[in-house]
Amino acid sequence: RPDMAPVWPAGDARATRGYRRVMAMIPLPEAQALVIEGCPVLEPRQVDFTESSGLVIAEEVVGTELVPPLDNTAVDGYAVRSVDLAQVPVELTVVGEIAAGASSDHVLSAGETIRIMTGAPIPSGCDAVVMVEDSERLGLVDGVERVRLTASVEAGAAIRPAGDDVRPGDVLFGAGTSVTPAVLGVLAGANCRRLSVHPAARVAVLCTGDELVDEDRPLRPGEVRESNRRMVVGLVEETGCRVTDLGIVRDDEAELERVLMAAAADHDAIVTTGGVSMGDYDVVKAVLGRIADMTWMQVAIKPAKPFAFGHISGVPVFGLPGNPVSSLVSYEMFARPALRRMMGHRRLARPSVVAAADPMARCISCGSRPSSPMTGAVMSFRCAPRGAINWRPPRWRTRSLSFPTVMASPPVTRWRYCF
């Protein structure tokens, strides 16, 4: 593409080693497609099911045994022969009791019943179970225990047959299924102890800048509190990745190059914050220009217009803007979907809602109405009747901190833009 050709002056070091720059403003979907296509799915691996929580299944999980393994009762009650209850009420002799985990060798005969607890195996001769609510214990009568049953039942009532849930060869879960606690329970119950999953992506997070302060001390002139890295580490963890916090790297090209190359050797992706705006000449740009194949974008959204993406030795690198809100939006729009794809997820974006513009809302950047064909701006929202969502201006009009996002009620989970 002509707009993605190198644009640096001849002889400029940044014109080499794949340092590219997108000249034209590009639509959000096009930028997202470029990023996602550059983040292939991680190779699956075999793990014990106890280690699979939160991961994505890569191959079909097939049942290998019957679940339940034998006929059992679905209720507490009395195991009976249904023919003995043709007319009710009827009194039967209680010849035993079976608790869950126990069994009985007794073969049920006419006029007999066995008290049985939920999950216990069905005894021989029994073809139905009467719920305990439909019974009345009579105690010992002529030296034997008797019970009065007040409800008729059909054959098979309250009995779960063997294999009712799972039979050998049944497909329990397909590829792309996320392993939730419920899925773990099914895997355990079906004794599916080994499965193929896509691993959690190993992601290195770092920020750069001599002005950044992480410790608790008074600020000197020119210094600012570091916040982006803490936020991004939390975002990456929430995505389901294994995060390595590389901390603050000072404005030293040699040190930054060493840190980035080491991160690329041990991780599946790298996330940096700051130094991606078109007007910046930052050590991040200078170093990535030498060691990576980068594309520097201007995306048609606001905030988060500047964004960089590329690879170091095949490892994806996400360059988020330095502005905290822009960094958050940029992560949600680009890094999060791409990382989810790497980990095998089929649904990459968060759930979205249809929004109705508040009549009084104006763009916090340019003052235009939301219907204006201009780059959109993020606004907070509130619930409206009939399940719609109304946008409203945030209480804070600054984008230097994350307050408009954090204080929105309910929290913003999906960004909508007008172009």
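Predicted model: local features only at pLDDT ≥ 70, side-chain atom pairs only at ≥ 80, totals over all residues.
Visitor: How many residues lie between β21 and β22 in the hairpin?

Guide: Two residues separate the strands of this hairpin. S313 belongs to the turn, and its phi is positive, about 50 degrees.

Visitor: Which strand is joined to β21 by six bridges?

Guide: That strand is β20 (residues 293–298), and the two run antiparallel. As an example of the pairing, W296 has A308 in β21 as its bridge partner.

Visitor: Is strand β21 mostly covered or mostly open?

Guide: In a regular strand, side chains alternate between the two faces of the sheet. Strand β21 (residues 306–312) is mostly covered, with six of its seven residues buried.

Visitor: How should I read a pair of aromatic rings, and how many aromatic pairs are found?

Guide: Two quantities describe such a pair: the distance of the centres and the angle of the planes. A search of the whole structure gives two aromatic pairs. One of them is formed by F307 and F334, with 4.4 Å centre to centre and 15 degrees between the planes, and this pair is stacked. The two residues come from distant parts of the chain, since F307 is in strand β21 while F334 is in helix α6 (residues 324–342), 27 residues apart. Both F307 and F334 are buried.

Visitor: Why is the pair of F309 and F318 described as tilted?

Guide: The ring planes of F309 and F318 stand at 45 degrees, with the centres 5.5 Å apart, so the pair is tilted. An angle under 30 degrees would count as stacked and one over 60 as edge-to-face.

Visitor: Let us turn to another sheet. In what order do the strands of the open sheet with β14 stand?

Guide: The order is β2-β14-β3, a sheet of three strands with antiparallel pairing. Strands β2 (45–48) and β3 (56–57) are at the edges; each has a single partner strand, so one side of each lacks a neighbour in the sheet. Between β2 and β14 (residues 194–198) there are four bridges. D48 is placed opposite R194 of β14.

Visitor: Which residues of helix α2 are buried?

Guide: In α2 (residues 181–189), the buried residues include V183, L184 and L187. These residues span an arc of only 100 degrees around the axis, which puts them on the same side of α2. The face turned away from that buried side carries P181 and A182, which are exposed. Among the elements covering the buried residues of α2 are β4 (61–62), β13 (171–173) and β14. After the helix comes N191, with a positive phi near 60 degrees.

Visitor: How many disulfides does the structure hold?

Guide: A disulfide is a covalent bond between the sulfur atoms of two cysteines. The structure holds zero disulfides. C39 is buried, at 0% relative accessible area, and C207 is buried as well, at 2%.

Visitor: Which residues does T273 touch?

Guide: Leaving aside residues up to four places away in sequence, T273 touches L206, C207, T208, N228, V232, L320, P321 and S327. T273 is part of strand β19 (residues 269–273) and is buried, with a relative accessible area of 5%.

Visitor: Where does E211 lie?

Guide: E211 is in the loop between β15 (202–208) and β16 (212–213). Its relative accessibility of 34% makes E211 partly exposed. Not counting residues up to four places away in sequence, E211 touches G222, E223, V224 and D251. E211 and G222 are eleven residues apart in sequence, and their C-alpha atoms are 6.3 Å apart in space.

Visitor: How many helices and strands does the protein chain have?

Guide: The secondary structure comes to seven helices and 25 strands. The chain has 419 residues, of which 47% count as buried. Among contacts with a separation of 6 or more, 69% are between residues 24 or more positions apart.

Key
Residues numbered from 1 in each chain as written. Heavy atoms only, no water. Disulfide = S-S within 2.5 Å. Buried < 20%, exposed > 50% of the residue type's maximum accessible area, 1.4 Å probe, protein only. Pairing = 2+ DSSP bridges. Arc of directions from axis to C-beta. Contact = heavy atoms within 4.5 Å. Phe/Tyr/Trp six-rings, centres within 6.5 Å; stacked < 30°, edge-to-face > 60°.
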